[in-house]
Amino acid sequence: MRKTFLGVLVFMSQLIFAQGIEVISTKALTLDGQGVFLPKISPKGDCVLVTNEDMSGLKKFDLATGKLTTITNDRSAGFNAQFSEDGSTVIYRKSEYKGKLRYSSLNSVNLQTGKTEQLVKPTRNLEGVTVKGGTVLAVNNGKLISKRIAGKKLKTLPAIPSIKNSQLYITIDGKTKQLSPNGTNVGYLWPSVSPDGGKLLYYVIDEAKAYVCNIDGTNPVSLGTLRAPVWLGNDWVVGMVDYDNGEIVTYSQIFAVTSQGTHRTALTDQSKICMYPSASDDASKIVYTTQNGEIFLMNVATSK
């Protein structure tokens, strides 16, 4: 019996270690006293995109040199801005009004040359955007638009999640279909596909919970309360747990959760209101903002 008990303890300790995440260091980034928001770290973790509080404009902060460079002043450019996989190009939305109706176009800017290109013309129905390699894939009114801006042609198309009328859709092999794994009586937000392409992450507004499911919408697993969730590699998800008093956010921490929902770790304490994390492709770096527009860089180590 004693040997059996010790064996269980050893197994449990191995399981806990196998699901571990550790904060190695955290430091504030100095951006010349400018308040910035919604940080997006590059795939290689060498620079960070930031925007204004109203999501207008985009700037690039170089982590090695500390240089802050303006990319664009376009309206809504900070909403879900993305890098190409090699980090050479930024893809962003631009909003404009025609009468009382808002239209969004999709644009790219090469960070080396400064060359800009309109990838999708102004539309009322830009529902999802994914970047794979040097190819931008956009879902416009349920239709796939593919534009190669760098690198080689894709051999296969990745799955592209999108949101239409608060419902969750997926585009596979150019065909868009509705998933809504938790039913059509709830709203969805913040969908993304895992780096290996096998899992789908999303947030259910009515439940205030994040979920991970198979790419076809089957087997949804709850990650608990976790807003603005993003992938940290294939095995972890990071997001924020925040509360407000009806007017302002009064508390927010960054948490990491295993993609199976089995292990949950607070990465920040309650001394600051920490929000909207973004993670590097190798799952070693996380950036996040505070309510006051401060940006922090966190180095982490994870184990499967």
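## A walk through the strands and rings

Start by selecting glutamine 118: with a relative accessible area of 44%, this residue is partly exposed, a label for values between buried (under 20%) and exposed (over 50%), computed with a 1.4 Å probe on protein chains only. Before going on, note that this is a predicted model, where local features need pLDDT of at least 70, side-chain atom pairs count only at pLDDT 80 or more, and totals for chains, interfaces and linings use all residues. Residues are numbered from 1 along each chain as its sequence is written, and side-chain values use heavy atoms, with hydrogens and water left out.

**Around glutamine 118**

Glutamine 118 sits in strand 9, residues 116-123. Strands here are DSSP runs of E with at least two residues, numbered from the N terminus. Show the contacts next (heavy atoms within 4.5 Å): leaving aside residues up to four places away in sequence, glutamine 118 touches Ser105, Leu106 and Asn107. Asparagine 107 is the residue standing opposite glutamine 118. Now bring in strand 8, residues 101-110, which runs antiparallel to strand 9 and is joined to it by five bridges. Two strands count as paired if DSSP finds at least two bridges between them. For a distance check, pick glycine 99: from glutamine 118 it is 19 residues away in sequence and 22 Å away in space, C-alpha to C-alpha.

Select glutamine 82, which lies in strand 6, residues 82-83. Is glutamine 82 buried or exposed? It is buried, at a relative accessible area of 12%. Zoom in on its side chain, which reaches the backbone oxygen of valine 129 at 3.0 Å. Beyond residues up to four places away in sequence, glutamine 82 has several contacts, including Lys40, Thr89, Ile91 and Val131.

**A stop at threonine 69**

Move to threonine 69 in strand 5, residues 68-72. Its relative accessibility is 31%, so threonine 69 counts as partly exposed. Not counting residues up to four places away in sequence, threonine 69 touches Leu58, Lys59 and Lys60. Leucine 49 is 20 residues from threonine 69 in sequence, and 9.6 Å from it in space, C-alpha to C-alpha.

**Two hairpins in a row**

Jump to strand 17 (residues 199-204) and strand 18 (residues 209-214), an antiparallel pair joined by six bridges. Their hairpin has four residues between the strands, and alanine 208 takes a positive phi near 55 degrees. Click on alanine 210 in strand 18: tyrosine 203 stands opposite. Then look at strand 19, where the bridge partner of alanine 210 is glycine 224. Strand 19 covers residues 221-224 and pairs with strand 18 in the antiparallel sense over three bridges. This second hairpin has six residues between its strands, and glycine 217 in the turn has a positive phi of about 90 degrees.

Show the aromatic side chains. Rings of Phe, Tyr and Trp (its six-membered ring) pair if their centres lie within 6.5 Å; planes under 30 degrees apart are stacked, over 60 edge-to-face, and the rest tilted. That rule gives five aromatic pairs. One of them is tyrosine 188 with tyrosine 202, a tilted pair at 5.7 Å centre to centre and 55 degrees between the planes. The pair links distant parts of the chain, with tyrosine 188 in strand 16 (residues 188-193) and tyrosine 202 in strand 17, 14 residues apart. Tyrosine 188 is buried at 1% relative accessibility, and tyrosine 202 is buried at 0%. Next, find tyrosine 288 and phenylalanine 296: their ring centres are 5.6 Å apart and their planes are at 15 degrees, so this pair is stacked. Both of these residues, tyrosine 288 and phenylalanine 296, are buried.

Finish the rings with a charge. Arginine 264 lies over the face of phenylalanine 255, at 5.1 Å from the ring centre; the rule asks for NZ of Lys or CZ of Arg within 6 Å of the ring centre and within 35 degrees of the ring normal.

Colour by pLDDT, the predictor's confidence in each residue from 0 to 100. The protein averages 91, and 93% of the residues score at least 70. Over residues 1-18 the pLDDT is below 50, and this stretch has three contacts in the model beyond near neighbours in sequence. Where pLDDT is low, the predicted coordinates should not be read in detail.

Conventions: Polar contact = N/O pair within 3.5 Å; in protein donor to acceptor, adjacent residues only side chain to side chain.
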